[in-house]
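Here's a friendly walk through one protein model. Have a look at the picture first, then read on.

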Amino acid sequence: MNLRTLLAFVEVVRQGSFSQAAEVVSLTQSTVSKAVKTLEDELGTPLFNRIGHKSELTAAGEIAYRRALVLLAERSDLVAEINDLLGLKRGVLRIGLPPVGSGVLFAAMFALYRQRYPEIEIELIEHGSKKLGECLEAGEVDLAALLVPVAGEFEYQDVRVEPLMVVMPIDHPLAGRKSVDFSDLADSPFILFEAGFALNRIILTACERRGVVPRVTARSAQIDFIVDLVAAGLGVAFLPSMLAYKHLHAGIALIQLDEPQTDWHIALAWRRQAHLPPAARAWLDLALEMGNVPDSAAQPAV
């Protein structure tokens, strides 16, 4: 049993197919299949129930997946501790960021970090919050920007808390209001982010508390496209205040969302009790030093 085999197995579970897992780990599909077969032979039991093109974990597969995550995380800690001996002249910052808000929050930090630590290699991945949490749990990244609340196995450092704004067409009947709640928006179609974005969870949970069943008319991972869909009259969308004002233009109106427990609260998270390498600790220190987002992202007067 080797770590490369375990990594292939873990990705098959995550991606839900051998072909997609092969793309992630940069191997052929047959190599991934052989790796999983080798692991099954070593353990003496099937790890997947193969039904047509779908593969579901057996009971033994569930155990193997859970243990594989631990082993891969331990390997990550080993590398981090060795890098720790080398100090900040060498090392790797492995960080995961969501597509929503990262440019405004972290672009200036990356520039200053590179200036201070030019020899540190930066490995950046971008995913929705759910996938980032999985990558963090498996030790594939040392830090990840996640929405609070975070899972109990993680510790975190606050970065930013922003209220949500409703982005609606300028001619929407509610466009002149100072604030709205989900009861007011019950008849408006929603434009949400793609599955895996934690912001969706905040919105849908709040709707459920109100007894509102939203009608989702479109989904996208691109803020610009979502705003354009709103301007075209396809529905209403929801963005953190700092991003909503950054994308404000003549075709849309921004209205405060008056709902409890809907703030966009982003934090930098890491595995509880894991070894945090110096490169990651330096990033956390820099985040504290820089505080909130630059003044250029501040809201204009409206």
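What follows covers a sheet, a helix lying across it and a few backbone details.

This is a predicted model, so to speak of local features a pLDDT of at least 70 is needed, side-chain atom pairs count only at pLDDT 80 or more, and totals for chains, interfaces and linings use all residues. Residues are numbered from 1 along each chain as its sequence is written, and side-chain values use heavy atoms, with hydrogens and water left out.

Let's start with the sheet. Four strands form an open sheet with mixed pairing, in the order E8-E12-E7-E11. Its edges are E8 (179-180) and E11 (237-240), each pairing on one side only. Helices (H or I, at least four residues) and strands (E, at least two) are DSSP runs, numbered from the N terminus, and two strands pair if DSSP finds at least two bridges between them. E7 (residues 164-169) and E11 run antiparallel, joined by four bridges. Leu164 has Pro240 in E11 as its bridge partner.

Now for the helix. H8 (residues 223-231) lies across E7, E11 and E12 (252-257), and runs at about 135° to E11. Angles run from 0 to 180 degrees between N-to-C directions, with axes fitted to C-alpha atoms, for helices over the stretch in contact; contact means heavy atoms within 4.5 Å.

On to the loops. A cis peptide bond, with omega about 10°, joins Val148 and Pro149. Pro149 sits in the loop between E5 (143-147) and E6 (154-162).

Two glutamines have a positive phi:

| Residue | Phi | Relative accessibility |
|---|---|---|
| Gln261 | near 60° | 65% |
| Gln273 | near 70° | 77% |

Gln261 lies between E12 and E13 (264-271), and Gln273 between E13 and H10 (278-290).

Key: Buried < 20%, exposed > 50% of the residue type's maximum accessible area, 1.4 Å probe, protein only.
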